[in-house]
Structures are given as structure tokens and as C-alpha cells.
Amino acid sequence: MIPCRKYLARIGLNIYPNCPIGKCKKEESITHIFFNCKATKPFWDSLGWQNFYKAQDKHWLIQLKAFDYPIKNNFINWISFFPFAIWYIWLNRNNNNQKNTENPINGDHIIERATKFKLLTEKSINTPQKIPIKIRWHKPPKRWFKLNIDASFNSNNQKYGLGGVFRNANGNWVVGFAKSSHASGSIQAEIEALLEGLKTAQAWGMFPLEIWTNSTEVIQSIQQGNRLYDDIVNECKLLMHQHKEITLQHAFRQWNNIAHQMEKKVADITKEKKLFVEPPSYVKSLVESKLEEHYVFVKFLSYDDGNTLASLGNQSVLSDTKYESHVLNDT
Ligand SMILES: [Zn+2]
């Protein structure tokens, strides 16, 4: 039972029965809170569901459950989305009432939470069917730095190359680094890349920091430990724990291209870490094009892949991923 003002007034509480939001002043019923209020209506409108709140039947909840509005994320459907929407509308309303603010309801945030919940709680859905998702690059929050890291390993000579690039929230180059040395395997090379990135961030004071890697093994090593490389993993963790605002997330390879080019070029240069305050010539055009910001591609993921990537913080999987099926048939 939701304690709306209409109900509270009816059971005898001395309370003004109308909506307290702005100049709304309409009687505050449950359908008013969730659908008709001027604080809520723009949210449903923004999703393109204008007919939604005209459902004023007393069986509105049952009616709503039967709706099947398209959701902008292929991992979830209406049934998974709806309870989160209702819950967030309620939270948003209470927060605004308490703090006297007028923050709008954030639809992307609801999709992200609903998707995370579904992918992380429903562990495995036994379907061989691949889900097409639209992948696009996500801008870091204001003030944040963004670090992309990458590494490669040559098993013939046991050598690795690692590279990384720091950019600010506008996507502009701050500093890059590259290094080559010996390792015992590719996972070690990827963890070394993280360590060098963290040391550079520390030396240059680049926090808050989002770190992106296309190596799922690195993230799993940090989350669960790695018996083979515990010493480097612990060194990374120590540096990460010194800063609250630091995240390590999975990015698809397409978003890691600059770091990848840096790492490829360094392979035979030097054991010492080399810093680049300007983009080196071989990535200059790539950096200046800001290609990744405009680049959208489609990837086919199984439900379990989606589940794993969501647990590694892959932003693409959690946000707007809807891909038009008629385009798909052409590819
Ligand atoms: Zn209202």
C-alpha cells in the first residue's frame, strides 16, 4: 500500500490531499503519483509512451502488466523494466519532496539498474540465441580522467608490449605511456599495463579515474585474485585502494584502439616506460578524429556473455542497446 495523500486524508489524517509538487495541486492518488503528475508525465513521454497514463481503470496495474512497450535495452523487457520504473518514480518523488528539489526522473538510470539486476540475478538462461546489441562509447563524468590500457604478449620471445592513454572528460589527450619487457604470459602483460597506468595516475595526480581494459582476465584478477600473479595484482589493489574514486571496467576492443596502437609500436623499443605528453605520430590522427565518440557498432552476445560483461562493469551492455531488427537482416 502506498501512502498517497488522497488515501491518508480519507482514513482521517489531517493532511492536505493534493499533490505538493510545484504548482500541480491535483488530488494525489496513486495513478496521479505514477502517471499523471507533472513530475512523472514527462518521463513516460520521453520514452514515447504517451498512451500509457491514459489507462485510468481501477485495474490499471493489471492493464499495465499486459502492456509490452519496447525497452531500449535488448537484455530486458517491459516486465523487468516496469517495477524499477515505479520504484524510481517513488524514490525520485520522495527525494524531491524532502530536499525541495525538482530533479527529473532519469530513464537511462532506470534501464541501467533494471538490466544490471536482471543480468546479475538470473545467472544463466539456457538459450543458444545471441542477442544483438548496439555498442557505443560512453563519456566519463565531469572532472574524471579516463585511462585506456592494453597489452600484447609474444610467446616466441616471451616479450610483452603495453600501452595506455589518459584523456580528460572532454576526450582530450593528457598523457600516454608505453613499455616493453619480459613476462610469462599474456595475462601478466595485461596486469602490468594496469600497474603502469596506476603508477602514472599516481605520479600525475589523475583522479577520479575510470580505467578501461578489454581484458576480462585483468578485471577478474583484481576482483578474485590471481594465484600466478598475486604480487602484481596486490600492488595494483594497493594503489587502487588509496583512491576512492577509481573504477576498472571492461570496454570492447573497438574502444581501446589508441592504447592498442601504442602497445604495438613499443614492442621493441625500451624497457623503460616512455611517456608521451603529445600523441605520437602513429596515433595522432586517431586521437584527433575522436572516432570512438561517433562510432556505433553491433555485437552479438549470448545471455551469459551479457551477464559476465555486466558484472565487469561494461557500460555498453547496461545502457541503451536496442538495435533495429530490420537492419540486422541485411547484415
Ligand atoms: Zn502532481
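Predicted model: local features only at pLDDT ≥ 70, side-chain atom pairs only at ≥ 80, totals over all residues.

Colleague: What makes S6 and S7 the edge strands?

Modeller: The sheet is open and has 6 strands, in the order S6-S5-S2-S3-S4-S7, with mixed pairing. Strand S6 (246-250) and strand S7 (274-276) each pair on one side only, and they are the edge strands. From one strand to the next, the twist averages 20°.

Colleague: How do you know that S3 and S4 pair, and in which sense?

Modeller: Two strands pair if there are at least two bridges between them. Strand S3 (residues 159-167) and strand S4 (residues 173-182) are joined over 9 bridges, and the sense is antiparallel. In S4, Ala-178 is the bridge partner of Gly-163, and Ser-181 is that of Tyr-160. The hairpin of S3 and S4 has 5 residues between the strands, and Gly-171 in this hairpin takes a positive phi near 85°.

Colleague: What makes S4 and S7 a pair?

Modeller: The requirement is again at least two bridges. S4 and S7 have 3 bridges and pair in the antiparallel sense. Phe-177 stands opposite Leu-275 in S7.

Colleague: Which strands of the sheet does helix H7 touch?

Modeller: Helix H7 (residues 186-204) packs on the sheet and touches strand S2 (145-154), S3, S4 and strand S5 (209-213). The direction of H7 makes about 150° with that of S2.

Colleague: Why are H7 and H8 called roughly perpendicular?

Modeller: Angles of 65 to 115 degrees count as roughly perpendicular. The axes of H7 and helix H8 (residues 216-224) cross at roughly 70° and come within 9 Å. H7 and H8 are therefore roughly perpendicular to each other. In the contact, Ile-187, Glu-190, Ile-191 and Leu-194 of H7 meet Glu-217, Val-218 and Ser-221 of H8. By class, this contact of H7 with H8 has 4 nonpolar, 1 polar and 2 charged residues.

Colleague: Why are H6 and H13 also described as roughly perpendicular?

Modeller: The axes of helix H6 (residues 107-121) and helix H13 (residues 303-311) come within 9 Å and cross at roughly 115°. The class runs from 65 to 115 degrees, and H6 and H13 are therefore roughly perpendicular to each other. H6 passes H13 in a left-handed crossing. From H6, Thr-115, Lys-116, Leu-119 and Leu-120 take part in the contact, and from H13, Gly-306, Asn-307, Ala-310 and Ser-311. The residues of this contact of H6 with H13 comprise 3 nonpolar, 4 polar and 1 charged.

Colleague: Which residues of H13 are buried, and against what do they pack?

Modeller: A residue is called buried if 20 or more other C-beta atoms lie within 10 Å of its own. The buried residues of H13 are Tyr-303, Gly-306, Asn-307, Leu-309 and Ala-310. They pack against H6, strand S1 (131-136), S6, strand S8 (296-301) and helix H14 (315-318). After H13 comes Gly-313, with a positive phi near 75°.

Colleague: Why does Arg-143 count as exposed?

Modeller: Arg-143 has 10 C-beta neighbours inside 10 Å, and the limit is 12 or fewer, so Arg-143 counts as exposed. Arg-143 is placed in the loop between S1 and S2. Its phi is near 75°, a positive value in a residue other than glycine.

Colleague: And why does Gln-158 count as exposed?

Modeller: The limit of 12 or fewer includes 12 itself. Gln-158 has 12 C-beta neighbours inside 10 Å and therefore counts as exposed. Gln-158 lies in the loop between S2 and S3, and has a positive phi of about 60° although it is not a glycine.

Colleague: What is the omega value of the cis peptide bond that joins Phe-207 and Pro-208?

Modeller: For this cis bond, omega is about -5°. Pro-208 is found in the loop between H7 and S5.

Definitions and conventions: Residues numbered from 1 in each chain as written. Helix = DSSP H or I, 4+ residues; strand = E, 2+ residues; numbered from the N terminus. Axes fitted to C-alpha atoms, helices over the stretch in contact; angles between N-to-C directions. Contact = placed C-beta atoms within 7 Å. Parallel < 35°, antiparallel > 145°, perpendicular 65-115°, else oblique. Nonpolar A, V, L, I, M, F, W, Y, C, P; charged D, E, K, R; others polar. Left-handed = near helix turned anticlockwise from the far one by under 90°.
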